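Morning, everyone. Please have a look at the model on the screen, and then I will walk you through it.

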Amino acid sequence: MDTHQPIDLSKIAGRSDFRKLSSERNFLGFSLALVMALIYFTFISIVAFSPETLARPIVPGSAVSIGILAGIAIMASGFILTAIYVVYASSRIEPMVDDLKGNVR
C-alpha cells in the first residue's frame, strides 16, 4: 500500500521558512562558487601576465616551483570549500529541510 501523499508545491513555495531555506542555500552555493572562481582566475591571470612568478623555485636550486605549489593549493582549496559546504549544509540547511518536511503535512 502506498503511504505517500502528493505534496502541494505551490503551498510550500509560499512559506517563509522555505524562502529562507532557499535563500540560504543559494547564498552558500554562490559564495563558495565565487571564492573558487576568484582563486582559479587569479591563478590563470598570473599564468597569463606573469609566468616568471610561477616558474621561480621555492628555494634557490629547488626543482619545485611556486607554480607547483599554487596548483596544489588550488586543488586543496576545492576540497576545503567542499568541506565547508558539507559542514554548513549538514549543520544548518538539513535541519531546516527536516523542519520543513515535518510541517508540510
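Let's start with Leu-100. Leu-100 is buried, because its relative accessible area is 9%. Buried means under 20% relative accessible area, exposed means over 50%, and partly exposed is in between, with a 1.4 Å probe and protein chains only. Leu-100 is found in helix H4. Helices here are DSSP runs of H or I with at least four residues, strands are runs of E with at least two, and the numbering goes from the N terminus.

A word on the source. This is a predicted model, where local features need pLDDT of at least 70, side-chain atom pairs count only at pLDDT 80 or more, and totals for chains, interfaces and linings use all residues. Residues are numbered from 1 along each chain as its sequence is written, and side-chain values use heavy atoms, with hydrogens and water left out.

Back to Leu-100. What does Leu-100 touch, not counting residues up to four places away in sequence? The list is Ile-12, Arg-15, Asp-17, Phe-18 and Leu-21. Contact means heavy atoms within 4.5 Å. Now take Leu-34. Leu-100 and Leu-34 are 66 residues apart in sequence, and their C-alpha atoms are 28 Å apart in space.

Two names from that contact list come back now. How many salt bridges does the structure hold? It holds two. A salt bridge is a side-chain nitrogen of Lys or Arg within 4 Å of a carboxyl oxygen of Asp or Glu. In one, Arg-15 pairs with Asp-17, with the closest N and O atoms 2.7 Å apart. Asp-17 counts as partly exposed, at 28% relative accessibility.

In the other, Arg-92 pairs with Glu-24, and the closest N and O atoms are 2.8 Å apart. Arg-92 lies in helix H4 and Glu-24 in helix H2, residues 16-49, so the pair ties together parts that are 68 residues apart in sequence. Are the two partners buried or exposed? Arg-92 is partly exposed, at 33% relative accessibility. Glu-24 is buried, with a relative accessible area of 15%.

Next, the loops. Ser-50 is found in the loop between H2 and H3. Ser-50 is buried, at a relative accessible area of 19%. Its side chain makes a polar contact of 2.5 Å with the side chain of Thr-53. A polar contact is a pair of N or O atoms within 3.5 Å; within protein, one must be able to donate a hydrogen and the other to accept it, and residues adjacent in sequence count only if both atoms are side-chain atoms.

Ser-65 sits in the loop between helix H3, residues 51-55, and H4. Ser-65 is buried too, with a relative accessible area of 14%. A polar atom of the Ser-65 side chain lies 3.3 Å from the backbone oxygen of Leu-54. Leaving out residues up to four places away in sequence, Ser-65 touches Leu-54, Ala-55, Arg-56, Pro-57 and Ile-58.

Now the surface. Ile-58 belongs to a nonpolar patch there, which also includes Val-59, Val-64 and Ile-66 among its members, and the patch has about 820 Å² of accessible area together. Patches are made of residues with over 30% relative accessible area and no salt bridge: like charges are joined within 9 Å, and nonpolar side chains (Val, Leu, Ile, Met, Phe, Trp, Tyr) within 5 Å. Areas come from the Shrake-Rupley method with a 1.4 Å probe, and for residues only the protein chains shown count as cover. Ile-66 lies in helix H4, residues 66-102. Ile-66 is partly exposed, with a relative accessible area of 32%.

Last stop, the rings. A search of the whole structure finds one aromatic pair. The rings of Tyr-40 and Phe-41 have centres 5.4 Å apart and planes at 70°, so the pair is edge-to-face. Rings of Phe, Tyr and Trp (its six-membered ring) pair if their centres lie within 6.5 Å; planes under 30 degrees apart count as stacked, over 60 as edge-to-face and the rest as tilted. Tyr-40 is partly exposed at 41% relative accessibility, and Phe-41 is exposed at 53%.
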